[in-house]
Structures are given as C-alpha cells and as structure tokens.
Amino acid sequence: MLQPESSTDYDVLIVGGGSAGLCSGIWLARCGINFKILERRDGPMQHGQADGVQCRTVEVFESFGIEGPLLREAYHVLELAFWAHSDGIGLDEPDAAAAARVDGGDGGVVSKKAGEQKTEGIAKTHYAPDTEPGISHMPHVILNQARVNSIMTEEMTRTAGRDMIEYGVEVLDVSVDQEQAEDPGAYCVSVTAKMDGATKHLRAKYVIGCDGAHSIVRKSLGFQMIGDSHDAVWGVMDVYPRTNFPDIRKKALINSEAGNLIIIPREGDYLARFYIELPNYAGAAADITLADLHEKVWRIFRPYEMDIADTTWWSVYVIGQRRADHFTAAHRVFLTGDACHTHSPKAGQGMNVSLQDGYNLGWKLGAVLRGRAAPGLLATYVSERQKVAAELIEFDRYFTRLFSTAYRTEHGITPEHFREQIVRSGRYISGQALKYDESAIVCLGGARDSAKRLEVGMRFPSAQVVRVCDAKAMQLVRAIPSDSSWHIVVFAGDIRDVEASARLDQVSHELSSILREFVPKGTEADSILHVVLVLSGRRTEIEMQHIPEVFTPMTGRLKLKCLLNVFSDDQSYNSGHGHAYESYGIEPKVGALVVIRPDQYVSKVCGLGEVGQLGSFFAGFMKRAADQYI
Ligand SMILES: Cc1cc2nc3c(=O)[nH]c(=O)nc-3n(C[C@H](O)[C@H](O)[C@H](O)COP(=O)(O)OP(=O)(O)OC[C@H]3O[C@@H](n4cnc5c(N)ncnc54)[C@H](O)[C@@H]3O)c2cc1C
C-alpha cells in the first residue's frame with residue numbers, strides 16, 4: 001500500500017518526529033498507511049529532554065509489544081522521598097514525641113529521632129510509594145527521551161519495512177482546502193517544506209502537527225495558545241554527583257529555602273537528573289549559565305555536600321501553562337503534544353501526554369483511511385484529547401501552587417498535607433485517572449454493573465489469567481494487543497454448569513452474526529473484531545473441543561485452529577491466582593461482555609443477554625462489511 005518515494009502525495013504527513021509523531025507513526029505503520037514523518041533535525045535525537053515514563057505509557061509500550069527494552073534499560077521508580085527546610089515551613093516537630101512518630105499510614109516515616117539536634121538546611125520528612133500499589137501491573141520508569149524515541153522508531157521501521165522519517169526537512173507552511181475537505185479521498189492538505197536546500201510542495205489527506213511548542217503547523221493555521229502568560233523558568237541537568245546526600249538514588253522532592261529541586265535518578269547506577277525551579281527569574285533564560293545552576297544546587301542541598309563531578313547535559317527552558325484554542329482544522333489537520341499543550345515538568349507529564357495524544361489519534365486515522373470507520377470517528381480525537389489537555393493544565397496549576405513556598409505558607413499547608421496531596425495526585429500522574437466522556441466509542445448504555453469494577457471510558461486494567469491451551473499464566477492485556485482491532489472479551493462464567501454453557505452457545509451465535517455484519521468476506525475476523533473468552537472455574541476441566549468456534553477460529557494462510565484466545569480465571573502453576581472476575585467485579589453466575597477499543601480503553605460493558613445490541617453500537621462508527629474498501 002505504501003507509495004513510491006518519489007511521490008509527493010501521502011495519506012498522512014506527520015510534522016515532527018518526537019514522542020507524539022512517533023507514536024502515531026507506529027499505528028500508521030501497523031495499518032499499512034502511506035505516510036511520512038518530516039523532521040527538522042538532521043538525525044535521531046541524541047540527548048533527551050523528558051525522561052519520566054509513567055505506568056500508563058509503559059502499558060502503551062506493552063500493547064505495542066515493545067516494553068522489553070524500556071523495562072530492561074530504565075530506572076524503576078518505587079519510592080518518593082520528601083525533603084524540606086528544617087525550620088522553614090513548620091517541618092520541625094516542636095514536640096520530641098511527635099518528632100519520633102512513625103507515620104505508618106502508607107509506609108511514610110518521619111526521619112528525625114526524638115531529641116535530635118536541629119540542623120540548618122534540609123531534612124527528610126517522609127517516604128511514600130511512588131505509585132499507589134496495585135494501580136498498574138507496569139511500573140513507573142525513567143529513561144532518556146532519546147532512547148524512548150529510538151525504541152518507537154525501531155518498531156515503526158520494523159513494521160513498515162523501511163525508514164519512515166525524513167530528516168533535515170523543515171516544514172514552513174500547512175494549509176487546508178476547506179472545500180475539498182468534504183471529499184474523503186481528497187489530498188486537501190498542502191505542506192510546504194524546505195528539503196535539500198529547495199522548497200518542495202507536498203500534499204496529504206491528513207496532517208498531524210507534532211512539531212512541539214513552537215509549532216509551525218499551529219501557526220500556519222492561525223491557532224493561538226491560550227492560558228497563563230506567566231512563564232516558569234526551569235534548569236535541568238544530568239549530572240554525576242559526588243555527595244553524601246542519602247537519597248540520591250531515589251526520586252526526591254526537595255523544598256529548601258534556596259529553592260525547589262526534584263531528583264530523578266537515571267538509568268545506570270550513578271547518573272541523576274536535577275530539575276531546578278528558578279522562580280521569579282528576572283533576566284533572560286538564555287543568560288543562565290551552568291555555573292549558576294551548580295551554585296543553586298549547592299545551596300539547595302545544604303547541609304549535605306554536593307559536588308558535581310560531571311554534567312553530561314543541561315538546559316534551561318521556559319514553559320507556560322497553555323493550550324491551543326483549536327486542535328483541528330476541518331478534521332484534516334490535527335495538533336498533538338506540545339503543539340497544543342504546554343506546562344511545567346513537575347509532574348513529568350510532557351512526553352507521556354504527548355505520546356498518548358499520538359496513541360489516541362493513530363488508530364483512528366488508520367481505521368478511517370482503511371475504510372473501516374467513518375471520518376466522524378476523528379472528532380473523538382478532538383473531544384477526548386482537548387479534555388485531557390484542559391485537565392492537564394488545571395492539574396499543573398494546582399501542582400505548581402503546591403510546590404510554591406509562598407503559597408504553602410499563605411495557605412498553612414503542612415509538610416504532611418503536602419505529602420498527602422502528592423500521593424493523592426499519584427493516580428493522575430501515573431496516567432490511570434483518565435476517563436473519556438460518552439461518545440460513539442464510549443457507550444454508557446447497557447448493564448454496566450455486570451462488571452462493577454470496570455469504568456467505561458477508562459483504560460482496561462489488567463489481571464492475570466491462565467491460557468487454557470498451554471497453561472500459561474499471563475496478563476489479560478497481553479491478549480488484546482494494539483494491532484488496530486477492537487476486542488470483545490466475554491466473561492462466560494463456569495461452563496461446567498449447564499445453564500452457563502447454554503448461555504455461552506447463545507452468545508457465540510449472536511457474536512458470529514455480528515462478525516458477519518462487520519468483517520468483509522476473506523478478511524480474518526480478528527483483524528477487525530477480536531473475540532476473547534475468559535471462563536471461571538477449573539482450567540483442567542475445560543475441554544477445548546466444547547468451546548464455540550467463534551472463539552477458536554480457523555486463521556492464517558493454512559487455516560489452522562487458533563486456541564490462543566481462551567483463558568480461565570484459575571490458579572496457575574507458578575504465579576498464583578489472578579482473581580480476574582473479582583478484580584473486574586464480575587459475578588461468574590451472571591457473566592459480562594466488555595468491548596475494548598484498539599487503544600485499550602473500555603468502550604462498553606453489557607450483560608450476556610445484551611449481545612444483540614452490539615450491532616447497533618458498532619454501526620455508530622464502524623462501516624458494515626459491504627461498505628469497507630480495504
Ligand atoms: C529544551 C526542552 C527541555 C525539556 N525538558 C523536559 C523535561 O525535563 N521533562 C519533561 O517532562 N518535559 C521536558 N520537556 C518537554 C517534553 O520534551 C515535551 O513535552 C515532549 O517532548 C513533547 O513531545 P512532542 O512530540 O509533542 O514534541 P517534541 O518532542 O518537542 O518533538 C517535536 C519535533 O518536531 C520537530 N520540529 C519542530 N518544528 C519542525 C518543523 N517546522 N518542521 C519539521 N520538524 C519540526 C522537532 O525537531 C522535534 O523533533 C522539554 C522540552 C524542551 C524543548
């Protein structure tokens with residue numbers, strides 16, 4: 001499907017090969033779309049900006065099957081250490097007994113011992129788990145953005161079978177022919193770019209603006225960034241510290257009289273990143289020198305020694321809390337990432353939210369361009385991610401205030417309160433609090449309480465199950481990878497029970513008719529609607545020959561029976577019991593059906609007696625088999 005290199009027409013042109021652009025690119029490569037990434041840099045990013053990879057982003061990597069190098073190479077963040085000036089904001093417990101208290105609520109510990117002398121400078125106040133235990137089966141990790149991007153680039157290249165990024169190309173202008181935009185087949189977006197010293201004109205059906213905070217795509221369309229005009233100045237450096245500070249290998253939040261600093265331990269055993277806030281900086285950010293940052297760091301860490309043995313990278317950057325007034329032009333050009341939202345790096349959201357913009361958009365463009373979904377599906381990118389951007393800016397404002405010494409003093413925020421707020425924010429920061437509103441692909445109808453602990457519009461949480469055919473214990477999300485298909489997961493209970501078995505037969509019959517409605521003849525059903533069965537009860541008593549054919553279809557060139565989609569919520573040999581039904585709030589005697597989007601968000605939950613409704617649900621955005629053209 002990919003067009004020759006010489007062509008100037010593309011289905012999709014992605015402007016900018018950063019986190020957002022690459023994530024969209026993986027989807028488009030998987031969908032076989034004719035696309036290209038135009039990147040101004042001469043080659044791959046060498047040294048990264050962002051570094052925090054939140055649990056949800058690790059889950060996204062897992063859904064693409066590329067979490068291996070990320071987990072192997074990254075620093076895993078398990079604990080947060082809180083430090084503050086010892087007598088600046090009431091951190092010192094005046095009463096010795098209180099000072100000796102161990103705060104067992106979530107494992108946090110007050111560091112000072114009763115009777116210990118007050119020391120001028122910073123002191124440890126608490127420890128807390130970095131992320132709420134059980135929030136994800138994946139950890140929060142730290143890896144240089146350059147490496148994170150290279151993992152995505154490798155996957156995109158592998159899937160597409162060739163390089164999809166053209167380096168050294170600077171996009172100068174993007175415009176949409178509004179009249180042509182009504183015609184789905186029209187190459188209605190014009191892109192002007194400087195490449196090889198010449199100005200070239202390209203055309204595309206769709207353009208994704210992933211070109212960062214100074215986005216030329218956004219400017220070409222006349223869109224504005226709206227919001228706070230106050231720009232915070234941040235110094236960031238990757239250093240090898242020679243220090244006696246005890247928490248140098250932990251993520252630590254330090255509020256000292258000399259300023260705020262965040263330590264992010266880096267991959268390897270000694271490298272650390274310091275984020276240093278430079279509040280109310282009066283001069284130009286460009287005037288700040290590395291020596292200024294070293295001096296500031298030295299003062300923040302007092303009374304501990306802090307000698308910077310080597311600085312491998314540093315930068316000063318200015319950031320405002322803003323978002324674009326529009327995210328799309330005619331649903332043909334879409335803005336993603338920093339091009340449509342900017343904020344402070346305190347909560348480590350920049351790379352994550354940007355990458356997830358690309359994750360939200362890529363599969364939708366793939367579905368529309370492959371003729372599987374109506375173009376209306378693309379409107380959900382705007383409604384879903386505009387809301388995310390608004391929430392992000394709001395959260396960042398709140399988080400920034402929380403870090404401000406002046407604000408905390410004014411509002412009587414104690415270190416305990418500060419710690420509590422940070423811990424409470426953990427769910428949001430980890431990317432697990434996101435909930436998409438009702439739309440054509442987020443359906444609140446049906447018997448949602450058949451899976452009481454699943455939230456429609458939120459990401460499908462994983463639980464361990466055991467694959468029936470080979471006794472392998474595995475995370476259920478492994479069975480629903482991001483391969484662009486929709487997933488229908490049937491929780492049918494214990495089919496040794498005659499009633500449950502008859503109910504499964506009925507469900508299978510109805511599902512087969514839905515597959516016939518939406519899967520063109522000659523196409524593998526699971527490339528469009530992928531059906532998964534999770535049973536309860538003893539795995540060893542399940543007879544595969546009694547499983548209805550819709551769950552064990554004949555697939556591939558040789559038409560072999562696929563046994564890989566049938567699981568049991570049962571004890572495994574080596575990894576215990578996952579209690580999947582319990583964690584999803586599903587009653588085995590009643591069962592449930594869960595529809596999961598290609599990006600792993602729960603789209604619909606219904607009862608097993610409501611399977612017939614799925615036809616009209618899918619018809620709300622998916623084309624029927626006869627109308628699909630690829
Ligand atoms: C100097 C700096 C330091 C940062 N440090 C941190 C940090 O420490 N922690 C953190 O969380 N976040 C940090 N950020 C923010 C974080 O890097 C971003 O939120 C994240 O990278 C956004 O991803 P993106 O894909 O939207 O944009 P980017 O990653 O910025 O990618 C945009 C890409 O577009 C390319 N491009 C731009 N204009 C054009 C054009 N006209 N034509 C072709 N290509 C173009 C750029 O070369 C770039 O590769 C930093 C940002 C900067 C600029």
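Strands here are DSSP runs of E with at least two residues, numbered from the N terminus. In this predicted model, K559 sits in the loop that links strand 24 (554–555) to strand 25 (560–561). K559 has 9 other C-beta atoms within 10 Å, and the cut-off for exposed is 12 or fewer, so K559 is exposed.

Q600, however, counts as buried, with 23 C-beta neighbours inside 10 Å. Another backbone feature turns up at R302 and P303, which are joined by a cis peptide bond with omega at about 10 degrees; P303 belongs to the loop between helix 7 (290–300) and strand 16.

Then there is the ligand. Around it are 32 residues, of which G16, G18, G212, G337 and G350 come nearest. At least two residues of the shell come from each of helix 1 (19–30), strand 2 (35–39), strand 9 (170–176), strand 16 (306–324) and helix 8 (350–369). By class, the shell has 13 nonpolar, 13 polar and six charged residues.

Helix 1 also packs on helix 5 (residues 145–160), at an angle of about 20 degrees and with the axes 8 Å apart. The two helices are therefore roughly parallel, and helix 1 passes helix 5 in a left-handed crossing. Among the contact residues are L22, I26 and R30 of helix 1 and M152, E155 and M156 of helix 5. The contact comprises seven nonpolar, six polar and two charged residues.

Note on methods
Residues numbered from 1 in each chain as written. Predicted model: local features only at pLDDT ≥ 70, side-chain atom pairs only at ≥ 80, totals over all residues. Near = placed C-beta within 6 Å. Helix = DSSP H or I, 4+ residues; strand = E, 2+ residues; numbered from the N terminus. Nonpolar A, V, L, I, M, F, W, Y, C, P; charged D, E, K, R; others polar. Axes fitted to C-alpha atoms, helices over the stretch in contact; angles between N-to-C directions. Parallel < 35°, antiparallel > 145°, perpendicular 65-115°, else oblique. Left-handed = near helix turned anticlockwise from the far one by under 90°. Contact = placed C-beta atoms within 7 Å. Buried ≥ 20, exposed ≤ 12 C-beta atoms within 10 Å, placed from the backbone.
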